[in-house]
Amino acid sequence: MSVQTPKRSLTLRDLQEMRGRDEPIAGLTAYDATQARLVDESGADFVLVGDSLGMVVLGHDTTIPVTLEDMIHHTRAVSRGVGRALLMADMPFMSYTGVDQAVHTAARLMQEGGARMVKLEGDAQQVDVVQALAGHGIPVCAHLGLRPQSVHKLGGYRVQGRGEAAAERMLSDALALQGAGADLLLLECVPAPLAGRIRAQSDIPVIGIGAGSDCDGQVLVYHDILGITPHSPRFSRNFLAGAGSIQAALAAYVAAVKGREFPAAEHAFSA
């Protein structure tokens, strides 16, 4: 009887090498152990425990009510279902307002939740926080563009970076965060041409969600690709339609990203 060798867990270095050889990176969210196992088995390269759980799991209108305890609880559950994919977790609203608080939040997500990377929303104002996290050996994904934790400040869920001044500011923010030690950039609801500019000038993987195809990878919300959210965003696609099963839908999404079939032009925004 042959014994199968367990698949090695992917690391940040693996994602960096995928960018180097121009291999698309596929990511999905998950919020519990069963979802995590299905996403992991689909061949996704990373799993994000997003604070989007506030909306798709807990029933809130925004991500703002999500607490650190919520994030630790769900990250710990997801960690039990992940074997191969890199596990990333969101730092929730107001949990990283200063360096000390940010380090404490990240430490708990990693030690208690099992995350291997943390994601925070912000711009160049978060440079000190990113630098401190990186200095403590904590992998960081910086989230630019539409930042759901700032939805009230932004005036709703709107495309960000339209217009030359806004585009230049986001490009400057991206490079500043990279310079501070961010290991990944995530661009949400950003015009595709701007995402392409940021990717071209970055040295780290750039992941898109509603940012067009000129990124190093893509991530979507688990519930959106199954078409079970009341109003799926324009940048998503229902992969369950015609797939026959959830497992097949998740695998179809990963294959579409890897094959550069998703996102298509209809899933992107213009400048």
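The largest pocket in this predicted model holds about 740 Å³ of space. Its lining is made up of 34 residues, and the ones closest to its centre are M55, E188, V221, D224 and P233. Please find those five on the structure before we go on.

Which helix and strands each supply at least two residues of that lining? The helix is α3, residues 53-56. The strands are β4 at 117-121, β6 at 184-188 and β8 at 217-220.

Rolling a probe the size of a water molecule over the atoms shows where empty space is left.

Next, the second largest pocket. Its volume is about 300 Å³. Here 14 residues form the lining, and nearest the centre are Y96, E121, Q126, R147 and S150. This lining divides into four nonpolar, six polar and four charged residues.

Now to the helices. Two packed helices are described by the angle between their axes and the distance between the axes.

Take α6 and α8 to begin with. Helix α6 covers residues 127-135, and helix α8 covers residues 164-180. They pack at an angle of about 30°, and their axes lie 8 Å apart. Why is α6 called roughly parallel to α8? Because angles under 35 degrees count as roughly parallel, and the angle for this pair is about 30°. The crossing is right-handed. On the α6 side, the contact is made by V127, V130, Q131 and A134, and on the α8 side by A176, L177 and A180. Sorted by class, the residues of this contact are six nonpolar and one polar, with no charged residue.

The other pair is α4, residues 68-79, and α5, residues 99-111. What are the packing angle and the distance between the axes for α4 and α5? The angle is about 25°, and the axes are 9 Å apart. These two helices are therefore roughly parallel to each other. Where α4 passes α5, the crossing is right-handed. From α4, the residues making the contact are L68, E69, M71, I72 and T75, while α5 brings in T105, R108 and L109. By class, that contact has four nonpolar, two polar and two charged residues.

To recap the helices: α6 is roughly parallel to α8, and α4 and α5 are roughly parallel to each other. The contact of α6 with α8 has no charged residues, whereas the contact of α4 with α5 has two.

How values were computed
Residues are numbered from 1 along each chain as its sequence is written. This is a predicted model: local features need pLDDT of at least 70, side-chain atom pairs count only at pLDDT 80 or more; totals for chains, interfaces and linings use all residues. Side-chain values use heavy atoms; hydrogens and water are left out. On a 1 Å grid over the protein atoms alone, a cavity is a set of points where a 1.4 Å probe fits but cannot get out, and a pocket is an open set with protein on both sides within 12 Å along at least five of seven lines; lining residues have an atom within 4 Å of a point. Grid points are joined across faces, edges and corners, and a volume is the space filled by probe spheres set on the points. Helices (H or I, at least four residues) and strands (E, at least two) are DSSP runs, numbered from the N terminus. Ala, Val, Leu, Ile, Met, Phe, Trp, Tyr, Cys and Pro count as nonpolar, Asp, Glu, Lys and Arg as charged, and the others, Gly among them, as polar. Axes are lines fitted to C-alpha atoms, for helices over the stretch in contact, and angles run from 0 to 180 degrees between N-to-C directions. Angles under 35 degrees count as roughly parallel, over 145 as roughly antiparallel, 65 to 115 as roughly perpendicular and the rest as oblique. A crossing is left-handed if the near helix is turned anticlockwise from the far one by less than a right angle, and right-handed if clockwise. Contact means heavy atoms within 4.5 Å.
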